[in-house]
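Please read the points below with the model open beside them. They cover a few residues, the helix pairs, and the confidence of the prediction.

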Amino acid sequence: SDELVKLDRKFHHRIGEACGNSLLTSLIEVLMDAMVNPRRSLMRLRTQAGASWSDHTRIMEAIRSGDADLAEDAMCNHIENVRRNIIALRDGKFDI
C-alpha cells in the first residue's frame, strides 16, 4: 500500500505541475502530507485502490481529450469519492 500511496502522490503532483500553477502544486503537496495515513489505510482496501485507479483513469482521459469541463467533473468526482471514503473510514464502515 505504501507504493500505491507514492504513485497516488506522484499522479496528483504531476497534475499540479501540468497546470503550471506553483500554488496549486504546493497545495497538493500539503494535502498529500496531511492525508497520508487515511490514504494508506484506504489503499489497503483493494476495492478502494481500484476505485481510485478508475477515478485517475477518467481524469487522465479527460485531460488527454482536451475537455476541461470533463476533466474538472472527473476531478471533482474523485475528490468527493475520497472525501466520502475518508469519512466512512473514520466512522468504522470499512474493515481494514
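1. D2 lies in helix α1; helices here (H or I, at least four residues) and strands (E, at least two) are DSSP runs, numbered from the N terminus. D2 has a relative accessibility of 43% and therefore counts as partly exposed. The cut-offs for that word are these: buried means under 20% relative accessible area, exposed over 50%, and partly exposed in between (1.4 Å probe, protein chains only). D2 and L89 are 87 residues apart in sequence, and their C-alpha atoms are 18 Å apart in space.

2. This is a predicted model, in which local features need pLDDT of at least 70 and side-chain atom pairs count only at pLDDT 80 or more, while totals for chains, interfaces and linings use all residues. Residues are numbered from 1 along each chain as its sequence is written, and side-chain values use heavy atoms, with hydrogens and water left out.

3. On confidence, the protein averages a pLDDT of 87, and 96% of the residues score at least 70; pLDDT is the predictor's confidence in each residue, from 0 to 100. Among the elements of the protein, α5 has the highest mean pLDDT (92) and α3 the lowest (80).

4. Helix α1 (residues 2-19) and helix α3 (residues 36-43) have axes that come within 9 Å and cross at roughly 120°. Axes are lines fitted to C-alpha atoms, for helices over the stretch in contact, and angles run from 0 to 180 degrees between N-to-C directions. The two helices, α1 and α3, are therefore oblique to each other. Angles under 35 degrees count as roughly parallel, over 145 as roughly antiparallel, 65 to 115 as roughly perpendicular and the rest as oblique. The crossing of α1 and α3 is right-handed; a crossing is left-handed if the near helix is turned anticlockwise from the far one by less than a right angle, and right-handed if clockwise.

5. Which residues make the contact of α1 with α3? From α1 they are D2, L4, V5, D8 and R9, and from α3 they are V36, R39, R40 and M43; contact means heavy atoms within 4.5 Å. Ala, Val, Leu, Ile, Met, Phe, Trp, Tyr, Cys and Pro count as nonpolar, Asp, Glu, Lys and Arg as charged, and the others, Gly among them, as polar.

6. V36, in helix α3, counts as partly exposed because its relative accessibility is 24%.

7. The axes of α1 and helix α2 (residues 22-34) come within 8 Å and cross at roughly 165°, so α1 and α2 are roughly antiparallel to each other. This crossing of α1 past α2 is right-handed. On the α1 side the contact is made by D8, R9, H12, H13, G16, E17 and C19, and on the α2 side by L24, T25, I28, E29, M32 and D33. The contact of α1 with α2 has five charged, four polar and four nonpolar residues.

8. How do α3 and helix α5 (residues 68-90) cross, and at what angle? Their axes come within 10 Å and cross at roughly 85°, so α3 and α5 are roughly perpendicular to each other. P38, S41 and L42 of α3 make the contact with N85, I86 and L89 of α5. The contact of α3 with α5 holds four nonpolar and two polar residues, and no charged residues.

9. Leaving aside neighbours within four places in sequence, N85 is in contact with L42, Q48 and F94.

10. N77 is also placed in helix α5. Its relative accessibility is 34%, so N77 counts as partly exposed. Apart from neighbours within four places in sequence, N77 is in contact with D55 and R58. N77 and D55 are 22 residues apart in sequence and 7.8 Å apart in space, C-alpha to C-alpha.

11. S52 lies in helix α4 (residues 46-65). S52 counts as buried because its relative accessibility is 10%. Not counting residues up to four places away in sequence, S52 touches D8, M43 and H78.
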